[in-house]
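Dear colleague,

Please find below the structure that I am handing over to you. My notes on it follow directly after.

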2 protein chains.
Amino acid sequence: MTTTDWLEELQAERPRLGRASTAGRVADVLRTRITEGHLAPGTRLSEEDIGAALGVSRNTLREAFRLLGHERLLVHEFNRGVFVRKLTVDDVRDLYQLRRILECGAARRAAERLASDPSYADRWATLVEPARAAAEEGQAAAEEGRWVDVGTANMHFHQAIAALAESPRVAEAMGHLLAELRLVFHVMAAPQAFHEAYLPDNRRILGMLEARDLAGAEAAMATYLDAAESQLVEAYSAG
Amino acid sequence: MTTTDWLEELQAERPRLGRASTAGRVADVLRTRITEGHLAPGTRLSEEDIGAALGVSRNTLREAFRLLGHERLLVHEFNRGVFVRKLTVDDVRDLYQLRRILECGAARRAAERLASDPSYADRWATLVEPARAAAEEGQAAAEEGRWVDVGTANMHFHQAIAALAESPRVAEAMGHLLAELRLVFHVMAAPQAFHEAYLPDNRRILGMLEARDLAGAEAAMATYLDAAESQLVEAYSAG
DNA sequence: ATTGACGAATTGTTCAACAATCCCTCACTC
DNA sequence: GAGTGAGGGATTGTTGAACAATTCGTCAAT
């Protein structure tokens, strides 16, 4: 795909810019464009071209770039421009290190509160509900062959696990983390098979959550994360 | 020392070179101004006034505002301006929730790697070194009555614990978290006594780290965080 | 006391200009 | 032929001004 190709496609997204902050909306457009893989990692984003394509000024566009830079989707090199983030193998390892701490930590905190906080225990069914919904959505998407949806459902599942901590900051960190991970998935050869392989794991983890076996769920997630990381690292250093 | 060693060391110096962005420097100035308590939470930051005071244009200043907004030191209200973040009691609780997950998680990961990764175990002394330095600095500052330094040393200590995970993303998250926490400390009546009270805890935790008793350190930190949170929440709802 | 209109002040956004920097090309030297 | 400098074009960094959009305080009217 050439440069002018996706610039024309960007122009098609232009009507979506109708409300709230212009810079924020521009960031939204570019974010989905990046996380959905239409912008290859390493691509340089020209201020002039994109500004013209989206019909916003350079200043506003630069604000949007800063937003996405802080989400680590873009890297900003001084006097050279912004580029779609290209993750290294070390980045992949670091992302999984953080996932372990965040997801297992959320499970551990949930276990503690289940034991000590009755009001938290009472809400447990509704807290696990998003995880169940994500797992079932992944299952349904796989059966119907909607492979991209399998991937997003998988991410929703793990976001739901992080949400057990009931912490806005944990949720936001997890969101940014998963957005970065999408950059990794897009350079894989067969992301479909990758995500589908972990559906049974998710179902098993979900079962433990609903049975309030948080220790089991934490252990299962640890092995799941180890496996996913090594598989991803291997695929990444190959390609 | 081989050639590649030199090159790797040079790469570490790289951030010092690209530090020429005006917006970045403006953000630095405002950040220290905020975290050191010279700007009270809730204060509105006028684009015109601050731009004139610092001698930068509104556009550049707005870029700096965006940076600090993403670090949660400023809040941006559309069409109203930016304000120094005013944290609620819920924010304090959430901050400590995240601290528990990050710090205890880092300790737990360190324990796992100490058991499974010989090269990590070999480096353990140098990994703990920053924590020791921070603890001793806090001790010295307290004896000489330099109370603000006691606070920053305390933060360095916990940053050092998070750094045991050897994860850039964990370190950055911890940095932002502690910067936010400084906003809380400044509204306290007697931050000196608050920080000084936890010096013995830090020494005790440090001892466990050096003895490679990570389980003990994790437990001690959990109780430390619980105590600090409840003390802070109490002081916060009072004032 | 409440409402609503008016106006001043501030932010949101764009535009144009210039300085600083990067990157490519092309001679030039050895 | 490889390496080294010297232009020169293109892009980013930053500024200042301008105008639209919005907020907020004021004040008159009810």
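**Surface near DNA strand C**

At least two residues of the surface near DNA strand C come from each of the following elements: α4 (58–70) of chain A, and β1 (44–45) and α5 (58–70) of chain B. Please keep in mind that this is a predicted model. In total, 22 residues surround DNA strand C, and the closest are A:T22, A:T60, A:R80, B:R44 and B:R62. Of the atoms of DNA strand C that come within 4 Å of the protein, 72% belong to sugar and phosphate. By residue class, this surface comprises 12 polar, seven charged and three nonpolar residues.

- The side chain of A:T22 places an N or O atom 2.4 Å from a phosphate oxygen of DNA strand C.
- For B:R62, a polar side-chain atom is 2.4 Å from a phosphate oxygen of DNA strand C.
- In A:R58, a polar side-chain atom is 3.5 Å from a base nitrogen of DNA strand C.

**A contact between the chains**

B:D94 belongs to helix α6 (residues 89–116) of chain B. Is this residue, B:D94, buried or exposed? Its relative accessible area is 6%, so B:D94 counts as buried, the limit being under 20%. The side chain of B:D94 forms a polar contact of 2.8 Å with the side chain of A:R169. Leaving out residues up to four places away in sequence, B:D94 touches A:S167, A:P168 and A:R169.

**Nonpolar core**

The largest nonpolar core contains 92 residues, and those that touch the most other members are A:L181, A:L232, B:L181 and B:L232. Beyond its neighbours within four places in sequence, A:L181 is in contact with A:L95, A:Y96, A:R99 and A:L232.

**Aromatic pairs**

Over all chains, the structure holds eight aromatic pairs. One of them joins A:F194 and A:Y198, whose ring centres are 5.4 Å apart with planes at 75°, so this pair is edge-to-face. A:F194 and A:Y198 are both buried. The rings of B:Y198 and B:Y224 are also edge-to-face, because their planes stand at 90°, with the centres 5.0 Å apart. B:Y198 sits in the loop between α11 (191–196) and α12 (199–210) of chain B, while B:Y224 sits in helix α13 (residues 214–238) of chain B, so the pair links parts that are 26 residues apart in sequence. B:Y198 and B:Y224 are both buried. In chain A, one aromatic cluster is formed by A:F185, A:F194, A:Y198 and A:Y224.

With kind regards

Definitions and conventions
Residues numbered from 1 in each chain as written. Chains lettered and ligands numbered in written order. Predicted model: local features only at pLDDT ≥ 70, side-chain atom pairs only at ≥ 80, totals over all residues. Heavy atoms only, no water. Core = buried A, V, L, I, M, F, W, Y, C linked by side-chain atoms within 4.5 Å. Buried < 20%, exposed > 50% of the residue type's maximum accessible area, 1.4 Å probe, protein only. Contact = heavy atoms within 4.5 Å. Near = heavy atom within 4 Å. Polar contact = N/O pair within 3.5 Å; in protein donor to acceptor, adjacent residues only side chain to side chain. Helix = DSSP H or I, 4+ residues; strand = E, 2+ residues; numbered from the N terminus. Nonpolar A, V, L, I, M, F, W, Y, C, P; charged D, E, K, R; others polar. Phe/Tyr/Trp six-rings, centres within 6.5 Å; stacked < 30°, edge-to-face > 60°.
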